[in-house]
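This briefing is meant to be read beside the sequence and the coordinates.

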Amino acid sequence: MNREQKIFGVRALYPRLNQPYHFDATANKSMPCSFDTPEAKYECNFIINADQAKDVIKNSIEAFKMAAKPNWQPWAPKSIEELFNADPESDNFILKSVKKTYGEDGNAPKQFLADGSLAPEGFMLTTGSICHAVLTLAPWNYAGRSGVTFRLKAVKVVQLADAPIATDPFANDDKAIMAQAASNVDEFGLPN
């Protein structure tokens, strides 16, 4: 039996929710793909504090107990670090959430904007955005191991972080071009 967990005021980390992604071994990174690609999924990590981590663990243990069959391996983490990696930039933790597509179109986690409206298709949640999230706590038992997976059901943007600049913002700027010409240097800063 699955249960839901809400977490509030968390920071998004590496969100891939605008479309499905899969790990491409050749590129050695997650790449966009279609919903029917094997292992296609939506994913987003969240930076959570110790109190939030303890609450998620408590509810995960309860969800596991409710779902466990007699032949399942027992599961109960004894520390926060057993379930979450430490955030290297703070005293907080990283919660990893994944939702596989299972080859079905249209089962992406719902994204809501700050005003409560549904985000447009293809909306790009950015790293560093503050949001609320609803997770499905999904207990599992496989190959002699057991645990709880965090499936992202929905996210609401509280404060959208600026997207990183991916292109040269001065490439077509006449003032930048004139300033470069006036300084009598080439594009690499070397004298002409």
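The structure is a predicted model, and every value below is computed from it. Its largest pocket has a volume of about 420 Å³, its aromatic rings give a count of 3 aromatic pairs, and its cysteines form 0 disulfides.

**The largest pocket**

- The lining of the largest pocket is made up of 18 residues, and those that lie nearest the centre of the pocket are Asn18, Tyr42, Ala108, Glu121 and Gly122.
- Strand E1, which spans 3–24, and strand E6, which spans 110–112, each supply at least two residues of this lining, and E1 gives the most to it, with 4 residues.

**Aromatic contacts**

- The count of aromatic pairs comes to 3; one of them joins Phe64 and Trp72, whose rings lie 5.5 Å apart centre to centre with 50° between the planes, and this pair is classed as tilted.
- Phe64 has a relative accessible area of 4%, which lies under the 20% cut-off, so Phe64 counts as buried.
- Phe64 and Trp72 also belong, together with Trp75, to one aromatic cluster.
- The rings of Phe84 and Phe150 have their centres 5.8 Å apart, and the pair counts as stacked because the planes meet at 20°, which is under the 30 degrees that the class requires.
- Phe84 lies in the loop between helix H1 (50–67) and strand E4 (85–86), whereas Phe150 lies in strand E8 (residues 145–159), so their pair ties together parts of the structure that are 66 residues apart in sequence.
- Phe84 and Phe150 are both buried.

**Cysteines**

- Cys131 is buried, with a relative accessible area of 0%.
- Cys33 has a relative accessible area of 14%, and since this value is under 20%, Cys33 is likewise classed as buried.

Key:
Residues numbered from 1 in each chain as written. Predicted model: local features only at pLDDT ≥ 70, side-chain atom pairs only at ≥ 80, totals over all residues. Heavy atoms only, no water. 1 Å grid on protein atoms, 1.4 Å probe; cavity = no way out; pocket = protein on both sides within 12 Å on 5 of 7 lines; lining within 4 Å. Points joined across faces, edges and corners; volume = space filled by probe spheres on them. Phe/Tyr/Trp six-rings, centres within 6.5 Å; stacked < 30°, edge-to-face > 60°. Buried < 20%, exposed > 50% of the residue type's maximum accessible area, 1.4 Å probe, protein only. Disulfide = S-S within 2.5 Å.
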